[in-house]
Amino acid sequence: MTRQQADVIVIGGGFMGASAAFFLRQRGRSVILIERDLVGQQASGVNFGNVRRQGRFLPQLPLANRSREIWGRLDELIGEDAEFIPTGYLRLCYCKEQLGRLEQYAADAKAYDLDLEILGRNALKARFPFVGPEPIAAIYSPRDGHANPRLAAPAFGRAAARAGAQVFEQTEVLSITKAGEDFEVGCSDGRVFRSPAVLVTAGAWGNALSEQFGEPVPIVARGPQMAVTEPMPYAIEPVVGLATAKEKEVIYLRQVTRGNIVFGGGPRGPAHADIRRAYVLPQNTLGQLVQLQRLIPALGSLSIIRTWSGIEGYLPDDLPIMGPSAREPGLYYAFGFCGHGFQLGPGVGDVMAELIDRGETTTPIEPFSIARFASETAAPTHATSSVQAMETSPR
Ligand SMILES: Cc1cc2nc3c(=O)[nH]c(=O)nc-3n(C[C@H](O)[C@H](O)[C@H](O)COP(=O)(O)OP(=O)(O)OC[C@H]3O[C@@H](n4cnc5c(N)ncnc54)[C@H](O)[C@@H]3O)c2cc1C
(Lines give C-alpha, C1' and ligand atoms only; values in the text may rest on other atoms or scores of the structure.)
Protein backbone atom coordinates (compact mmCIF):
# COMPACT_ATOMS: atom_id res chain seq x y z
CA MET A 1 0.00 0.00 0.00
CA THR A 2 1.46 3.40 -0.99
CA ARG A 3 1.08 6.30 1.43
CA GLN A 4 1.55 9.88 0.27
CA GLN A 5 1.48 13.05 2.30
CA ALA A 6 0.76 16.73 1.77
CA ASP A 7 -0.20 19.79 3.79
CA VAL A 8 -3.73 19.62 2.38
CA ILE A 9 -5.79 16.93 0.61
CA VAL A 10 -8.58 18.27 -1.59
CA ILE A 11 -11.32 15.73 -2.37
CA GLY A 12 -13.24 16.41 -5.59
CA GLY A 13 -11.76 17.97 -8.72
CA GLY A 14 -14.63 20.19 -9.87
CA PHE A 15 -14.16 23.93 -10.19
CA MET A 16 -14.01 24.37 -6.40
CA GLY A 17 -11.40 21.68 -5.79
CA ALA A 18 -9.24 22.61 -8.79
CA SER A 19 -9.17 26.30 -7.92
CA ALA A 20 -8.55 25.59 -4.22
CA ALA A 21 -5.60 23.37 -5.17
CA PHE A 22 -4.23 26.15 -7.37
CA PHE A 23 -4.57 28.86 -4.73
CA LEU A 24 -3.14 26.62 -1.99
CA ARG A 25 -0.05 26.16 -4.16
CA GLN A 26 0.11 29.93 -4.60
CA ARG A 27 0.37 30.11 -0.81
CA GLY A 28 3.16 27.56 -0.79
CA ARG A 29 1.10 24.68 0.64
CA SER A 30 1.74 21.17 -0.69
CA VAL A 31 -1.49 19.75 -2.13
CA ILE A 32 -2.98 16.44 -3.23
CA LEU A 33 -6.12 16.78 -5.36
CA ILE A 34 -8.18 13.59 -5.73
CA GLU A 35 -10.90 13.27 -8.39
CA ARG A 36 -13.05 10.21 -9.04
CA ASP A 37 -13.59 10.98 -12.74
CA LEU A 38 -11.68 13.65 -14.68
CA VAL A 39 -11.17 17.18 -13.41
CA GLY A 40 -14.22 19.28 -14.34
CA GLN A 41 -16.24 16.37 -15.68
CA GLN A 42 -19.32 16.85 -13.48
CA ALA A 43 -21.39 20.03 -12.86
CA SER A 44 -18.39 22.30 -13.40
CA GLY A 45 -17.92 21.11 -16.97
CA VAL A 46 -21.51 20.95 -18.20
CA ASN A 47 -23.12 24.08 -16.80
CA PHE A 48 -24.66 27.04 -18.61
CA GLY A 49 -21.59 29.22 -18.17
CA ASN A 50 -23.23 32.24 -16.60
CA VAL A 51 -20.72 34.40 -14.74
CA ARG A 52 -23.30 36.53 -12.96
CA ARG A 53 -23.37 38.38 -9.69
CA GLN A 54 -26.75 40.04 -10.14
CA GLY A 55 -29.62 38.23 -8.43
CA ARG A 56 -27.45 36.52 -5.82
CA PHE A 57 -28.24 36.36 -2.11
CA LEU A 58 -26.88 39.75 -1.02
CA PRO A 59 -24.47 38.47 1.69
CA GLN A 60 -22.91 36.27 -1.02
CA LEU A 61 -21.88 39.31 -3.08
CA PRO A 62 -18.50 39.88 -1.35
CA LEU A 63 -17.53 36.34 -2.39
CA ALA A 64 -18.95 36.86 -5.89
CA ASN A 65 -17.06 40.16 -6.18
CA ARG A 66 -13.81 38.48 -5.18
CA SER A 67 -14.47 35.84 -7.79
CA ARG A 68 -15.32 38.41 -10.46
CA GLU A 69 -12.02 40.16 -9.83
CA ILE A 70 -10.18 36.86 -10.49
CA TRP A 71 -12.24 36.13 -13.62
CA GLY A 72 -10.98 39.45 -14.99
CA ARG A 73 -7.33 38.34 -14.83
CA LEU A 74 -7.78 34.61 -15.31
CA ASP A 75 -5.67 34.20 -18.46
CA GLU A 76 -2.69 35.89 -16.86
CA LEU A 77 -3.17 34.06 -13.55
CA ILE A 78 -3.47 30.47 -14.80
CA GLY A 79 -1.93 30.84 -18.26
CA GLU A 80 -5.02 29.57 -20.12
CA ASP A 81 -8.13 31.12 -21.63
CA ALA A 82 -11.54 30.03 -20.29
CA GLU A 83 -13.36 32.30 -22.79
CA PHE A 84 -14.63 34.68 -20.13
CA ILE A 85 -16.32 37.63 -21.84
CA PRO A 86 -17.82 40.43 -19.72
CA THR A 87 -20.82 40.84 -22.01
CA GLY A 88 -23.21 42.08 -19.31
CA TYR A 89 -26.28 40.30 -17.97
CA LEU A 90 -29.77 41.51 -18.83
CA ARG A 91 -32.66 40.34 -16.63
CA LEU A 92 -36.08 41.11 -18.04
CA CYS A 93 -39.47 41.14 -16.35
CA TYR A 94 -43.08 40.92 -17.48
CA CYS A 95 -44.95 42.60 -14.60
CA LYS A 96 -44.82 45.61 -12.25
CA GLU A 97 -44.63 43.44 -9.15
CA GLN A 98 -41.42 41.82 -10.41
CA LEU A 99 -40.05 45.20 -11.47
CA GLY A 100 -40.55 46.42 -7.88
CA ARG A 101 -38.44 43.48 -6.65
CA LEU A 102 -35.71 44.23 -9.18
CA GLU A 103 -35.63 47.90 -8.17
CA GLN A 104 -35.32 46.95 -4.52
CA TYR A 105 -32.52 44.50 -5.30
CA ALA A 106 -30.66 47.16 -7.32
CA ALA A 107 -30.95 49.59 -4.40
CA ASP A 108 -29.76 47.02 -1.84
CA ALA A 109 -26.90 45.74 -4.04
CA LYS A 110 -25.24 49.18 -4.09
CA ALA A 111 -23.98 48.57 -0.56
CA TYR A 112 -22.12 45.54 -1.96
CA ASP A 113 -20.45 47.45 -4.83
CA LEU A 114 -22.72 45.97 -7.46
CA ASP A 115 -23.99 48.68 -9.77
CA LEU A 116 -27.11 47.73 -11.69
CA GLU A 117 -29.02 49.80 -14.23
CA ILE A 118 -32.81 49.73 -14.44
CA LEU A 119 -33.98 50.06 -18.04
CA GLY A 120 -37.59 51.05 -18.76
CA ARG A 121 -39.37 49.73 -21.84
CA ASN A 122 -38.14 52.46 -24.20
CA ALA A 123 -34.51 52.36 -23.07
CA LEU A 124 -34.62 48.56 -23.20
CA LYS A 125 -35.94 48.47 -26.76
CA ALA A 126 -33.48 51.14 -27.93
CA ARG A 127 -30.47 49.36 -26.49
CA PHE A 128 -31.46 45.72 -27.00
CA PRO A 129 -33.79 45.70 -30.05
CA PHE A 130 -33.96 41.88 -30.15
CA VAL A 131 -36.22 41.82 -27.03
CA GLY A 132 -39.87 40.93 -27.77
CA PRO A 133 -42.96 43.03 -26.97
CA GLU A 134 -43.80 41.46 -23.57
CA PRO A 135 -40.96 42.56 -21.23
CA ILE A 136 -41.82 45.87 -19.54
CA ALA A 137 -38.37 46.61 -18.12
CA ALA A 138 -34.98 45.08 -17.28
CA ILE A 139 -32.14 45.23 -14.82
CA TYR A 140 -28.70 45.28 -16.43
CA SER A 141 -25.41 44.29 -14.85
CA PRO A 142 -22.67 45.52 -17.20
CA ARG A 143 -19.70 43.63 -15.69
CA ASP A 144 -21.27 40.17 -15.55
CA GLY A 145 -20.81 37.83 -18.50
CA HIS A 146 -20.17 34.26 -19.52
CA ALA A 147 -17.35 31.75 -19.90
CA ASN A 148 -16.82 28.25 -21.28
CA PRO A 149 -17.45 25.62 -18.58
CA ARG A 150 -15.63 22.96 -20.58
CA LEU A 151 -12.42 24.95 -20.20
CA ALA A 152 -12.44 26.63 -16.78
CA ALA A 153 -12.08 23.84 -14.19
CA PRO A 154 -9.66 21.68 -16.24
CA ALA A 155 -7.55 24.82 -16.84
CA PHE A 156 -7.37 25.39 -13.08
CA GLY A 157 -6.50 21.71 -12.56
CA ARG A 158 -3.64 21.93 -15.06
CA ALA A 159 -2.43 25.22 -13.53
CA ALA A 160 -2.45 23.62 -10.07
CA ALA A 161 -0.43 20.66 -11.40
CA ARG A 162 2.06 22.99 -13.11
CA ALA A 163 2.42 24.81 -9.79
CA GLY A 164 3.27 21.53 -8.06
CA ALA A 165 -0.03 20.04 -6.89
CA GLN A 166 -0.27 16.26 -7.16
CA VAL A 167 -3.45 15.57 -9.11
CA PHE A 168 -4.93 12.08 -9.06
CA GLU A 169 -7.80 11.51 -11.48
CA GLN A 170 -9.95 8.39 -11.70
CA THR A 171 -9.32 7.89 -8.01
CA GLU A 172 -12.30 7.60 -5.70
CA VAL A 173 -12.12 8.49 -2.01
CA LEU A 174 -13.99 5.98 0.11
CA SER A 175 -13.15 7.07 3.63
CA ILE A 176 -11.61 9.80 5.74
CA THR A 177 -10.39 8.74 9.17
CA LYS A 178 -8.37 10.36 11.95
CA ALA A 179 -4.92 8.96 12.64
CA GLY A 180 -3.47 10.95 15.52
CA GLU A 181 -3.31 14.60 14.47
CA ASP A 182 -3.61 13.70 10.78
CA PHE A 183 -6.36 12.52 8.47
CA GLU A 184 -6.02 9.36 6.43
CA VAL A 185 -7.88 9.38 3.15
CA GLY A 186 -8.56 5.92 1.79
CA CYS A 187 -9.19 5.33 -1.92
CA SER A 188 -10.90 2.59 -3.91
CA ASP A 189 -7.59 1.37 -5.37
CA GLY A 190 -6.14 0.80 -1.89
CA ARG A 191 -4.02 3.94 -1.76
CA VAL A 192 -4.02 5.94 1.48
CA PHE A 193 -3.12 9.63 1.56
CA ARG A 194 -2.25 11.48 4.75
CA SER A 195 -2.46 15.16 5.72
CA PRO A 196 -3.24 17.47 8.64
CA ALA A 197 -5.98 19.25 6.63
CA VAL A 198 -8.71 17.98 4.30
CA LEU A 199 -10.98 20.06 2.07
CA VAL A 200 -14.13 18.35 0.79
CA THR A 201 -15.16 19.82 -2.58
CA ALA A 202 -17.23 16.84 -3.71
CA GLY A 203 -20.21 18.72 -5.17
CA ALA A 204 -23.51 16.83 -5.00
CA TRP A 205 -21.62 13.99 -3.27
CA GLY A 206 -20.26 16.09 -0.39
CA ASN A 207 -22.68 14.71 2.18
CA ALA A 208 -21.25 11.20 1.83
CA LEU A 209 -18.00 12.56 3.27
CA SER A 210 -19.34 15.14 5.77
CA GLU A 211 -21.61 12.54 7.37
CA GLN A 212 -18.54 10.45 8.17
CA PHE A 213 -17.80 13.19 10.71
CA GLY A 214 -21.35 13.45 12.06
CA GLU A 215 -22.28 16.37 9.83
CA PRO A 216 -24.95 15.15 7.40
CA VAL A 217 -26.73 17.79 5.35
CA PRO A 218 -30.09 17.56 3.53
CA ILE A 219 -28.60 17.85 0.05
CA VAL A 220 -30.55 16.64 -2.98
CA ALA A 221 -29.32 16.14 -6.52
CA ARG A 222 -31.19 17.77 -9.40
CA GLY A 223 -30.43 18.40 -13.06
CA PRO A 224 -30.83 21.83 -14.65
CA GLN A 225 -32.03 21.29 -18.21
CA MET A 226 -29.84 22.70 -21.00
CA ALA A 227 -29.96 22.91 -24.79
CA VAL A 228 -28.12 24.55 -27.68
CA THR A 229 -29.44 25.63 -31.08
CA GLU A 230 -27.95 25.76 -34.53
CA PRO A 231 -25.92 28.94 -35.11
CA MET A 232 -27.44 32.23 -36.28
CA PRO A 233 -25.72 35.56 -37.01
CA TYR A 234 -24.20 36.99 -33.83
CA ALA A 235 -26.67 39.55 -32.44
CA ILE A 236 -27.19 38.95 -28.71
CA GLU A 237 -24.24 40.15 -26.71
CA PRO A 238 -25.38 39.95 -23.06
CA VAL A 239 -26.53 36.91 -21.17
CA VAL A 240 -30.33 37.31 -21.09
CA GLY A 241 -32.68 35.93 -18.46
CA LEU A 242 -36.18 36.40 -17.13
CA ALA A 243 -36.87 37.39 -13.52
CA THR A 244 -40.06 35.60 -12.52
CA ALA A 245 -41.58 33.83 -9.55
CA LYS A 246 -43.18 31.23 -11.85
CA GLU A 247 -40.87 28.23 -12.31
CA LYS A 248 -42.26 27.28 -15.72
CA GLU A 249 -41.49 30.79 -17.03
CA VAL A 250 -37.83 30.72 -16.04
CA ILE A 251 -35.57 31.03 -19.09
CA TYR A 252 -32.00 32.18 -19.63
CA LEU A 253 -29.83 32.21 -22.74
CA ARG A 254 -26.56 33.34 -24.18
CA GLN A 255 -25.19 33.46 -27.69
CA VAL A 256 -21.65 32.23 -28.22
CA THR A 257 -19.58 34.16 -30.75
CA ARG A 258 -19.84 31.20 -33.16
CA GLY A 259 -23.58 31.96 -33.26
CA ASN A 260 -25.26 29.14 -31.31
CA ILE A 261 -27.79 29.99 -28.59
CA VAL A 262 -27.24 28.09 -25.33
CA PHE A 263 -30.29 28.10 -23.07
CA GLY A 264 -31.78 26.65 -19.91
CA GLY A 265 -34.54 27.21 -17.39
CA GLY A 266 -37.85 25.82 -16.20
CA PRO A 267 -38.24 22.87 -13.86
CA ARG A 268 -35.10 20.88 -13.11
CA GLY A 269 -34.97 17.26 -14.17
CA PRO A 270 -34.03 14.06 -12.35
CA ALA A 271 -30.40 13.58 -11.35
CA HIS A 272 -29.09 10.38 -9.82
CA ALA A 273 -25.91 11.02 -7.87
CA ASP A 274 -25.39 7.30 -7.20
CA ILE A 275 -25.17 6.30 -10.87
CA ARG A 276 -23.87 9.72 -11.98
CA ARG A 277 -26.62 10.38 -14.51
CA ALA A 278 -28.88 13.38 -15.06
CA TYR A 279 -31.62 13.21 -17.67
CA VAL A 280 -33.29 15.78 -19.91
CA LEU A 281 -37.07 15.57 -19.90
CA PRO A 282 -38.32 16.38 -23.44
CA GLN A 283 -41.37 18.21 -22.06
CA ASN A 284 -39.04 20.60 -20.24
CA THR A 285 -37.19 21.40 -23.46
CA LEU A 286 -40.51 22.06 -25.23
CA GLY A 287 -41.54 24.36 -22.36
CA GLN A 288 -38.23 26.21 -22.63
CA LEU A 289 -38.81 26.77 -26.36
CA VAL A 290 -42.16 28.46 -25.65
CA GLN A 291 -40.51 30.80 -23.12
CA LEU A 292 -37.51 31.46 -25.37
CA GLN A 293 -39.73 32.62 -28.19
CA ARG A 294 -41.80 34.73 -25.80
CA LEU A 295 -38.66 36.58 -24.66
CA ILE A 296 -36.93 36.91 -28.05
CA PRO A 297 -39.33 36.04 -30.91
CA ALA A 298 -36.53 35.72 -33.50
CA LEU A 299 -35.27 32.58 -31.73
CA GLY A 300 -38.52 30.70 -32.31
CA SER A 301 -37.51 29.14 -35.64
CA LEU A 302 -34.10 27.77 -34.61
CA SER A 303 -33.43 24.03 -34.47
CA ILE A 304 -32.04 22.44 -31.33
CA ILE A 305 -28.89 20.46 -32.00
CA ARG A 306 -28.19 19.06 -28.51
CA THR A 307 -29.70 18.81 -25.04
CA TRP A 308 -28.00 17.84 -21.78
CA SER A 309 -28.12 18.08 -18.04
CA GLY A 310 -25.75 17.70 -15.09
CA ILE A 311 -25.76 16.70 -11.44
CA GLU A 312 -25.94 19.59 -9.00
CA GLY A 313 -26.41 19.49 -5.22
CA TYR A 314 -29.13 21.70 -3.68
CA LEU A 315 -29.64 22.59 -0.01
CA PRO A 316 -33.09 23.61 1.28
CA ASP A 317 -32.06 27.28 1.75
CA ASP A 318 -30.42 27.44 -1.70
CA LEU A 319 -27.04 28.31 -0.17
CA PRO A 320 -23.80 26.28 -0.31
CA ILE A 321 -21.85 24.63 2.47
CA MET A 322 -18.60 26.53 2.88
CA GLY A 323 -16.16 26.91 5.76
CA PRO A 324 -14.59 24.80 8.51
CA SER A 325 -16.25 21.71 9.91
CA ALA A 326 -18.21 22.53 13.05
CA ARG A 327 -16.93 19.33 14.68
CA GLU A 328 -13.48 18.36 13.40
CA PRO A 329 -10.46 20.72 13.43
CA GLY A 330 -8.54 20.60 10.13
CA LEU A 331 -11.59 19.53 8.11
CA TYR A 332 -13.11 22.04 5.66
CA TYR A 333 -16.04 22.00 3.25
CA ALA A 334 -17.01 23.77 0.01
CA PHE A 335 -19.83 21.89 -1.72
CA GLY A 336 -23.51 22.04 -2.65
CA PHE A 337 -23.53 25.22 -4.73
CA CYS A 338 -27.23 24.99 -5.62
CA GLY A 339 -26.98 25.81 -9.33
CA HIS A 340 -24.90 28.96 -9.01
CA GLY A 341 -21.33 27.88 -8.28
CA PHE A 342 -19.69 28.46 -11.66
CA GLN A 343 -19.27 32.21 -11.20
CA LEU A 344 -18.03 31.59 -7.65
CA GLY A 345 -15.42 28.96 -8.61
CA PRO A 346 -12.26 31.10 -8.59
CA GLY A 347 -13.35 33.01 -5.47
CA VAL A 348 -14.25 29.86 -3.54
CA GLY A 349 -10.81 28.37 -4.24
CA ASP A 350 -9.09 31.58 -3.20
CA VAL A 351 -11.13 31.97 -0.01
CA MET A 352 -10.78 28.34 1.06
CA ALA A 353 -7.01 28.47 0.46
CA GLU A 354 -6.84 31.63 2.59
CA LEU A 355 -8.95 30.04 5.33
CA ILE A 356 -6.85 26.87 5.46
CA ASP A 357 -3.57 28.78 5.24
CA ARG A 358 -4.31 31.57 7.72
CA GLY A 359 -7.17 30.22 9.83
CA GLU A 360 -9.41 33.09 8.75
CA THR A 361 -10.64 34.79 5.62
CA THR A 362 -11.22 38.43 4.77
CA THR A 363 -14.37 37.52 2.82
CA PRO A 364 -17.40 36.76 5.01
CA ILE A 365 -18.68 33.20 4.56
CA GLU A 366 -20.47 32.62 7.89
CA PRO A 367 -23.96 32.31 6.29
CA PHE A 368 -22.72 29.17 4.51
CA SER A 369 -21.49 27.32 7.60
CA ILE A 370 -22.38 23.63 7.87
CA ALA A 371 -23.35 24.41 11.49
CA ARG A 372 -26.71 25.70 10.24
CA PHE A 373 -27.71 22.07 9.73
CA ALA A 374 -26.44 20.99 13.15
CA SER A 375 -29.88 19.64 14.11
CA GLU A 376 -29.34 17.02 11.41
CA THR A 377 -26.18 15.95 13.26
CA ALA A 378 -25.71 12.22 13.65
CA ALA A 379 -23.00 10.14 15.27
CA PRO A 380 -19.80 10.09 13.20
CA THR A 381 -19.67 7.09 10.93
CA HIS A 382 -16.08 7.41 9.76
CA ALA A 383 -14.07 4.27 9.32
CA THR A 384 -17.18 2.33 8.45
CA SER A 385 -19.18 4.34 5.95
CA SER A 386 -18.51 4.06 2.24
CA VAL A 387 -19.03 6.69 -0.39
CA GLN A 388 -19.95 3.97 -2.83
CA ALA A 389 -22.89 3.03 -0.67
CA MET A 390 -24.42 6.49 -0.66
CA GLU A 391 -27.36 7.56 -2.71
CA THR A 392 -28.71 11.04 -3.15
CA SER A 393 -32.32 10.50 -4.04
CA PRO A 394 -33.84 12.72 -6.68
CA ARG A 395 -36.52 15.11 -5.44
C1 LIG B 1 -26.61 22.00 -16.04
C2 LIG B 1 -26.05 23.00 -15.03
C3 LIG B 1 -26.07 24.36 -15.31
C4 LIG B 1 -25.52 25.28 -14.40
N5 LIG B 1 -25.38 26.60 -14.77
C6 LIG B 1 -24.66 27.46 -13.97
C7 LIG B 1 -24.41 28.79 -14.38
O8 LIG B 1 -24.76 29.20 -15.48
N9 LIG B 1 -23.75 29.63 -13.53
C10 LIG B 1 -23.32 29.22 -12.30
O11 LIG B 1 -22.75 30.03 -11.55
N12 LIG B 1 -23.49 27.92 -11.91
C13 LIG B 1 -24.15 27.05 -12.71
N14 LIG B 1 -24.33 25.75 -12.34
C15 LIG B 1 -23.78 25.30 -11.05
C16 LIG B 1 -22.30 25.02 -11.14
O17 LIG B 1 -21.98 24.27 -12.28
C18 LIG B 1 -21.88 24.27 -9.88
O19 LIG B 1 -22.38 24.95 -8.73
C20 LIG B 1 -20.38 24.15 -9.75
O21 LIG B 1 -19.81 23.68 -10.95
C22 LIG B 1 -20.07 23.22 -8.59
O23 LIG B 1 -18.68 22.92 -8.61
P24 LIG B 1 -18.14 21.83 -7.64
O25 LIG B 1 -16.68 21.76 -7.84
O26 LIG B 1 -18.66 22.11 -6.27
O27 LIG B 1 -18.90 20.48 -8.07
P28 LIG B 1 -18.59 19.42 -9.29
O29 LIG B 1 -18.23 20.10 -10.55
O30 LIG B 1 -19.74 18.48 -9.32
O31 LIG B 1 -17.30 18.70 -8.76
C32 LIG B 1 -17.31 17.82 -7.67
C33 LIG B 1 -16.33 16.72 -8.01
O34 LIG B 1 -16.13 15.87 -6.89
C35 LIG B 1 -15.89 14.58 -7.39
N36 LIG B 1 -16.13 13.62 -6.31
C37 LIG B 1 -17.30 13.43 -5.65
N38 LIG B 1 -17.14 12.47 -4.72
C39 LIG B 1 -15.85 12.05 -4.81
C40 LIG B 1 -15.09 11.06 -4.13
N41 LIG B 1 -15.63 10.31 -3.17
N42 LIG B 1 -13.80 10.88 -4.49
C43 LIG B 1 -13.22 11.62 -5.47
N44 LIG B 1 -13.92 12.58 -6.15
C45 LIG B 1 -15.20 12.79 -5.82
C46 LIG B 1 -16.86 14.45 -8.55
O47 LIG B 1 -16.47 13.43 -9.46
C48 LIG B 1 -16.82 15.85 -9.16
O49 LIG B 1 -15.93 15.95 -10.25
C50 LIG B 1 -24.96 24.81 -13.18
C51 LIG B 1 -24.98 23.43 -12.87
C52 LIG B 1 -25.50 22.53 -13.79
C53 LIG B 1 -25.49 21.05 -13.47
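This is a predicted model: local features need pLDDT of at least 70, side-chain atom pairs count only at pLDDT 80 or more; totals for chains, interfaces and linings use all residues.

Student: Ile9 is in strand E2. Which way do the residues of E2 point?

Tutor: Val8 and Val10 point one way from E2 (residues 8–11), while Ile9 and Ile11 point the other way. In a regular strand the side chains alternate between the two faces of the sheet. Val8, Ile9, Val10 and Ile11 are all buried; that label requires 20 or more other C-beta atoms within 10 Å.

Student: What makes E2 and strand E3 a pair?

Tutor: Pairing takes at least two bridges. E2 and E3 (residues 31–34) have 4 bridges, in the parallel sense, so they count as paired.

Student: How many bridges join E2 to strand E13?

Tutor: There are 4 bridges between E2 and E13 (residues 197–200), and the two strands run parallel. Ile9 stands opposite Val198 in E13.

Student: Why is the unit made by E2, H1 and E3 called right-handed?

Tutor: The test is to look with the strands pointing away from the viewer: the crossover is right-handed if the path from the first strand over the helix to the second runs clockwise. E2, H1 and E3 make a β-α-β unit that is right-handed.

Student: What lies around the ligand?

Tutor: There are 40 residues around the ligand, and Gly12, Gly14, Gly203, Gly310 and Gly341 come nearest. Helix H1 (15–26) and helix H2 (43–46) are the elements that give two or more residues to this shell. By class, the shell has 17 nonpolar, 18 polar and 5 charged residues.

Student: What makes the phi of Asp113 worth a remark?

Tutor: Most residues other than glycine have a negative phi. The phi of Asp113 is near 60°, a positive value. Asp113 lies in the loop between helix H5 (96–109) and strand E6 (117–120).

Student: Why is Asp113 called exposed?

Tutor: The cut-off for exposed is 12 or fewer C-beta neighbours. Asp113 has 11 inside 10 Å, so Asp113 counts as exposed.

Student: Where is Gln170, and what is its phi?

Tutor: Gln170 lies in the loop between strand E9 (166–168) and strand E10 (173–179). Its phi is near 50°, which is positive. Gln170 counts as exposed because it has 11 C-beta neighbours inside 10 Å.

Student: What makes strands E20 and E22 edge strands?

Tutor: The open sheet has 4 strands in the order E20-E19-E14-E22, with antiparallel pairing. E20 (277–278) and E22 (312–314) each pair on one side only, and they are the edge strands. E20 is joined to strand E19 (residues 269–272) by 2 antiparallel bridges, with Arg277 in E20 as the bridge partner of His272.

Key. Residues are numbered from 1 along each chain as its sequence is written. A residue is near a molecule or strand if its C-beta atom, placed from the backbone, lies within 6 Å of it. Ala, Val, Leu, Ile, Met, Phe, Trp, Tyr, Cys and Pro count as nonpolar, Asp, Glu, Lys and Arg as charged, and the others, Gly among them, as polar.
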